[in-house]
Amino acid sequence: MFCDLGDIQIHYERYGKGKPVVMIHGFTPDYRLMEGCMEPVFAGRDGYERIYLDLPGMGRTKGEEWIKGTDDMLDAVLRFIDAILPEQSFLLAGESYGGYLARGIVARIGERVDGLLTICSPIYAEHEKRILPEHTVLKRDDELIASLTQEEAMEFASIAVVQDQYTLDRMRKEITPGIMMADSAFLEKIQQNYAFSFPIDLTEPFVKPSLFLTGRQDAVVGYKDHWEILDQFPRASFAVLDRTGHNLQIEQPAVFKTLVDDWLSRADEAAD
């Protein structure tokens, strides 16, 4: 379905009834990234309305000319939330760039956010500011890698810490289709204005239950920068998971589900 905001139509999928949960994917994939990792969590929990959107220039949402950078991306997402959840509070989850946007949402309308989850998200948009580990491979199926095309093998090897059939199958299903649909010219423009033009560090602590998931081997956004925001989120769990890179939700699915379940339970308790 689409949400018509006048100057942009945002594609989204909506499942279930109950407490709204807005979920924002990373840069270049589409809503299937979040749907793939979050729906198994909600399969065992009733009472949630899950909302998965496609960001502008990704999935089925067109990248409109007026969107020049991340400030405008945030504006589009905030207007989308206002349109489909007028004056309602909600839980918020984002992966990578989606988590960066989620922190922008908290900075702008944090009073409506009842809980925050970020997955492998950058603290600093600027790559040169990030403290990053070197790319490391901890499990590799050489026979599998040899069976791939050169292009897929290079892409898989550049990101995956766990290079096995399970990881590849989920990437093919949840990540690659969105990447193939992305408007590369539009996204190149966004990358020129990737950082917010305003500070998103909070002057007042965000006291709702939160969860920051990071990968010990994540060479894209790292994990050490998260300690810089520790005091801004006094109700947050910060987890650094071994044996995972930037696709934490795929490479450590059982731990991911357990920690997200805990976050939802804490958010439920806080709402009582």
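Guide: Buried means under 20% relative accessible area, exposed means over 50%, and partly exposed lies in between (1.4 Å probe, protein chains only). This is a predicted model: local features need pLDDT of at least 70, side-chain atom pairs count only at pLDDT 80 or more, and totals for chains, interfaces and linings use all residues. Residues are numbered from 1 along each chain as its sequence is written, and side-chain values use heavy atoms, with hydrogens and water left out.

Visitor: Is Lys68 buried, partly exposed or exposed?

Guide: Lys68 sits in the loop between β4 (48-53) and α2. Helices (H or I, at least four residues) and strands (E, at least two) are DSSP runs, numbered from the N terminus. The relative accessible area of Lys68 is 39%, so Lys68 is partly exposed.

Visitor: Which residues does Lys68 contact, leaving aside its neighbours within four places in sequence?

Guide: Contact means heavy atoms within 4.5 Å. The C-alpha atoms of Lys68 and Gln191 are separated by 9.2 Å, although the two are 123 residues apart along the chain. Leaving aside neighbours within four places in sequence, the contacts of Lys68 are Lys189, Ile190 and Asn193.

Visitor: How far apart in space are Gln192 and Gly69, C-alpha to C-alpha?

Guide: Gln192 lies in the loop between α8 (184-191) and β9 (210-215). Its relative accessibility is 65%, so Gln192 counts as exposed. Gln192 and Gly69 are 123 residues apart in sequence, but C-alpha to C-alpha they are apart in space by 7.2 Å.

Visitor: How are α1 and α6 oriented to each other?

Guide: The axes of helix α1 (residues 32-42) and helix α6 (residues 165-174) come within 8 Å and cross at roughly 130°. Axes are lines fitted to C-alpha atoms, for helices over the stretch in contact, and angles run from 0 to 180 degrees between N-to-C directions. Angles under 35 degrees count as roughly parallel, over 145 as roughly antiparallel, 65 to 115 as roughly perpendicular and the rest as oblique. The two helices, α1 and α6, are therefore oblique.

Visitor: How do the residues of the contact of α1 with α6 divide?

Guide: Arg32, Leu33, Gly36 and Cys37 of α1 make the contact with Arg170, Lys173 and Glu174 of α6. Ala, Val, Leu, Ile, Met, Phe, Trp, Tyr, Cys and Pro count as nonpolar, Asp, Glu, Lys and Arg as charged, and the others, Gly among them, as polar. The contact of α1 with α6 divides into 2 nonpolar, 1 polar and 4 charged.

Visitor: What arc do the buried residues of α5 cover around the axis?

Guide: The buried residues of helix α5 (residues 150-159) are Ala153, Phe156 and Ile159. An α-helix has 3.6 residues a turn, so residues three or four places apart point the same way.

Visitor: Which elements do the buried residues of α5 pack against?

Guide: On the other side of α5, Gln150, Glu151 and Met154 are exposed. The buried residues of α5 pack against α4 (142-147), β8 (162-163) and α6.

Visitor: Which members of the largest nonpolar core touch the most other members?

Guide: A nonpolar core is a set of buried Ala, Val, Leu, Ile, Met, Phe, Trp, Tyr and Cys residues joined through side-chain atoms within 4.5 Å. The largest such core has 49 residues, and the members touching the most others are Phe80, Leu92 and Ile105.

Visitor: What is the phi of Thr28?

Guide: Thr28 lies in the loop between β3 (19-24) and α1. Its relative accessible area is 24%, so Thr28 is partly exposed. Thr28 is not a glycine, yet its phi is positive, at about 95°.

Visitor: What is the phi of Arg243?

Guide: Arg243 is in the loop between β10 (236-241) and α9 (248-251). With a relative accessible area of 30%, Arg243 is partly exposed. Arg243 is not a glycine either, and its phi is positive, at about 65°.
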